[in-house]
Amino acid sequence: MDIGTLVEQAREGRPRAVARLISLVEAASPQLREVMALLAPLTGNAYVVGLTGSPGVGKSTSTSALVKAYRQAGKRVGVLAVDPSSPFSGGALLGDRVRMQDHATDPGVYIRSMATRGHLGGLAWAAPQAIRVLDAAGCEVILVETVGVGQSEVEVAAQADTTVVLLAPGMGDGIQAAKAGILEIGDVYVVNKADRDGADATARELNHMLGLGEARSAGAWRPPIVKTVAAKGQGVDELVAALEKHRAWMDEHDQLTQRRVRRAAQEIQTLAVTTLRQRIDAATLDALAGQVARGELDPYTAADALI
């Protein structure tokens with residue numbers, strides 16, 4: 001199909017067209033440049049919310065609950081659910097769709113599962129362009145759910161307007177909370193499964209950890225802590241209210257534009273580095289590497305010669 005026709009159909013919200021465009025993104029198709037050029041004027045309208053946290057905290061269930069809440073508000077929703085690729089088979093379960101079957105037949109919801117394909121950071125490498133596709137397709141809210149991450153997979157913070165960090169009772173003591181780098185990126189914190197023992201203690205430890213951070217200037221955003229039971233829909237309205245409050249604060253303080261500019265800068269840099277790697281001549285690289293290994297050349301001079 002002609003790329004222009006495909007983009008026009010995606011703009012109308014046709015799921016097959018959106019799926020084909022994201023498939024072109026994942027396959028790094030030669031047509032991708034044309035696709036992105038046509039999509040560019042159509043983007044910049046969606047509110048991107050990233051959801052991250054350790055395995056088992058309820059990211060998929062929380063994402064599904066947010067989809068329901070936003071659909072009840074009449075908003076079109078896109079979901080990018082990232083699952084880890086197996087280091088052995090190369091496959092991925094893509095199981096997040098199983099937990100979102102309630103929305104599978106809703107024409108106002110588009111759900112796409114993506115495999116990391118070995119990319120680190122908690123997201124798939126194709127996520128930024130896939131977000132652009134969903135934005136151009138008219139999704140007013142895009143929920144990006146990361147893989148089950150550890151303490152340092154914080155890439156989602158660079159791709160989202162608002163980052164939600166989910167925790168659950170039993171994550172560990174205050175020391176664990178303080179040293180977990182992932183807990184430093186949140187705009188909104190959620191203690192899910194709050195009907196379990198230890199939920200209040202987890203919220204207190206998290207609040208203490210946030211208090212240990214840098215002193216905030218007057219008017220700075222103070223990340224709220226919301227307790228939810230996503231499987232029962234409890235606390236979801238409070239979570240949506242916290243997200244909207246953060247969005248309003250960003251608009252008021254010109255932070256939303258700044259975040260999107262930083263996001264675009266990182267995307268440009270990533271594409272430039274990828275293009276540079278593709279242009280490197282393997283034979284020249286091997287020759288320079290041999291000289292460095294033999295001590296005939298330092299690595300900085302070799303790098304200068306390569307580029």
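I take axes as lines fitted to C-alpha atoms, for helices over the stretch in contact, with angles from 0 to 180 degrees between N-to-C directions. Helices (H or I, at least four residues) and strands (E, at least two) are DSSP runs, numbered from the N terminus.

The model is predicted: local features need pLDDT of at least 70, side-chain atom pairs count only at pLDDT 80 or more, and totals for chains, interfaces and linings use all residues. Residues are numbered from 1 along each chain as its sequence is written, and side-chain values use heavy atoms, with hydrogens and water left out.

Entry 1, helix pair. I looked up helix H4 (residues 59-72) and helix H9 (residues 236-252): their axes come within 10 Å and cross at roughly 75°. That makes H4 roughly perpendicular to H9 (the class covers 65 to 115 degrees). In the contact (heavy atoms within 4.5 Å) I found Ala65, Leu66, Ala69 and Tyr70 of H4 against Val236, Leu239, Val240, Leu243 and Glu244 of H9.

Entry 2, sheet. I read an open sheet of 7 strands with parallel pairing, in the order S3-S2-S4-S1-S5-S6-S7. Two strands pair if DSSP finds at least two bridges between them. Strand S3 (109-115) and strand S7 (225-227) are at the edges with a single partner strand each, so one side of each lacks a neighbour in the sheet. Neighbouring strands are turned by 20° against each other on average, direction ignored.

Strand S6 (residues 188-191) pairs with S7 in the parallel sense over 3 bridges. I noted Val190 opposite Val226 in S7.

Helix H5 (residues 127-136) lies across strand S1 (47-53), strand S2 (77-83), S3 and strand S4 (141-145), and runs at about 160° to S2.

Notes: Parallel < 35°, antiparallel > 145°, perpendicular 65-115°, else oblique.
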